[in-house]
Amino acid sequence: MTVCAEPLPDRSLLLRTLVPVVGPLSPDAVVRDLTAAYLWGVDLYPADTRATRVRAHVGLPRGVRTSGVPVIAHRSPVPAADRTVVEGPRLTTPGRTAGRRGRPAPSVFTATARLDAFLSRGLVARADLVRAAHRSPPGRRLRQLRTALRYSCGLSQSPAESWTRVLVLEAFLPPPVAQCPVRTDRGLFHADLGWPDQRVALEYDSLLFHSSPRARARDRDRYAAMRSRGWEVVPVSVYDLQCRPHRVLRRLLDTLLRRGWSCPPERLARIRGRLRSYEKDPPRLLDPGRI
């Protein structure tokens, strides 16, 4: 998944493609789901998929024929309040789009990352997502969506940061501060996740931004500056997330306990039980090519 502050590369081309295709189908046609998300700036397509080379997702009234038209038709109605016009075609609103993409996500990790993507780009407010959740039909997926909404945060800068935060919360560890401010002699840094009372920071080192020699040297200097002010840094890699999250969480738990965090024995037993379950069956965090 990709989230951009600027429009995604194929947005203008996709809009030009959609106008002559969607408009003639029906006055009630509305672009939705993956296609609408892309136009809002959130790329939820599989890695290496170009939005202009796959069929667009379009909501259409029953009875409207799509034979020979390169669209994927959805027949469930979209209320007028959930539609808007953007440079020609009708789109589902950001709140509707985020809620509809969060609900069918294969896990609470993915669902939270999708909601975070819309929140962090400033496309929706939490109230928009709450309204979208209230309008969703009941079922297991709705419970997952509501959990993801509770976990979501507009400060997440990547899907992997979202997944890491969900891992912490699902393990019953204390809630972290996202983009936690850390003052050092070299200036103000922001840790991906932090626990200020214990001066513990968790930093995700992505392949995209942290693999070059210069980036690794910059990280070492940054971590040294944080440690010089009494912070302990727990780094997390792609491999940790994918294959051994229990090790990271166990190290985090030990660090928090050593630095003064405490909880009732029954909660500690619950935390350790969750870590054992992650060791046996690590949660599947999808789309590693985009983290």
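Biologist: How many bridges join strand S8 to S9?

Modeller: This is a predicted model: local features need pLDDT of at least 70, side-chain atom pairs count only at pLDDT 80 or more, and totals for chains, interfaces and linings use all residues. Residues are numbered from 1 along each chain as its sequence is written, and side-chain values use heavy atoms, with hydrogens and water left out. Strands (E, at least two residues) and helices (H or I, at least four) are DSSP runs, numbered from the N terminus. S8 (residues 177-184) runs antiparallel to S9, and the bridges between them number 7.

Biologist: Which residue stands opposite Phe189 in S9?

Modeller: Two strands pair if DSSP finds at least two bridges between them. S8 and S9 form a hairpin with 2 residues between them. Opposite Phe189 stands Val182.

Biologist: Which residue takes a positive phi in the hairpin of S9 and S10?

Modeller: S9 and S10 (residues 200-205) run antiparallel, joined by 3 bridges. Gly194 stands opposite Ala201 in S10. The hairpin has 4 residues between the strands, and the positive phi, near 55 degrees, belongs to Arg199.

Biologist: Which backbone nitrogen does the side chain of Asp192 reach?

Modeller: Contact means heavy atoms within 4.5 Å. Asp192 touches residues including Val177, Leu202 and Tyr204. At 2.7 Å, its side chain reaches the backbone nitrogen of Tyr204.

Biologist: How many residues of helix H4 are buried?

Modeller: H4 (residues 108-120) has 13 residues. Among the buried ones are Val108, Phe109 and Leu115. H4 is mostly covered, and the buried count is 12.

Biologist: Why is Ala113 called buried?

Modeller: Ala113 lies in H4. Its C-alpha is 9.0 Å from that of Cys153, 40 residues apart along the chain. Ala113 is called buried because its relative accessible area is 3%.

Notes: The expected span of a helix is 1.5 Å times one less than its number of residues. Buried means under 20% relative accessible area, exposed over 50%, partly exposed in between (1.4 Å probe, protein chains only). A polar contact is a pair of N or O atoms within 3.5 Å; within protein, one must be able to donate a hydrogen and the other to accept it, and residues adjacent in sequence count only if both atoms are side-chain atoms. Lists of a residue's contacts leave out its neighbours within four places in sequence.
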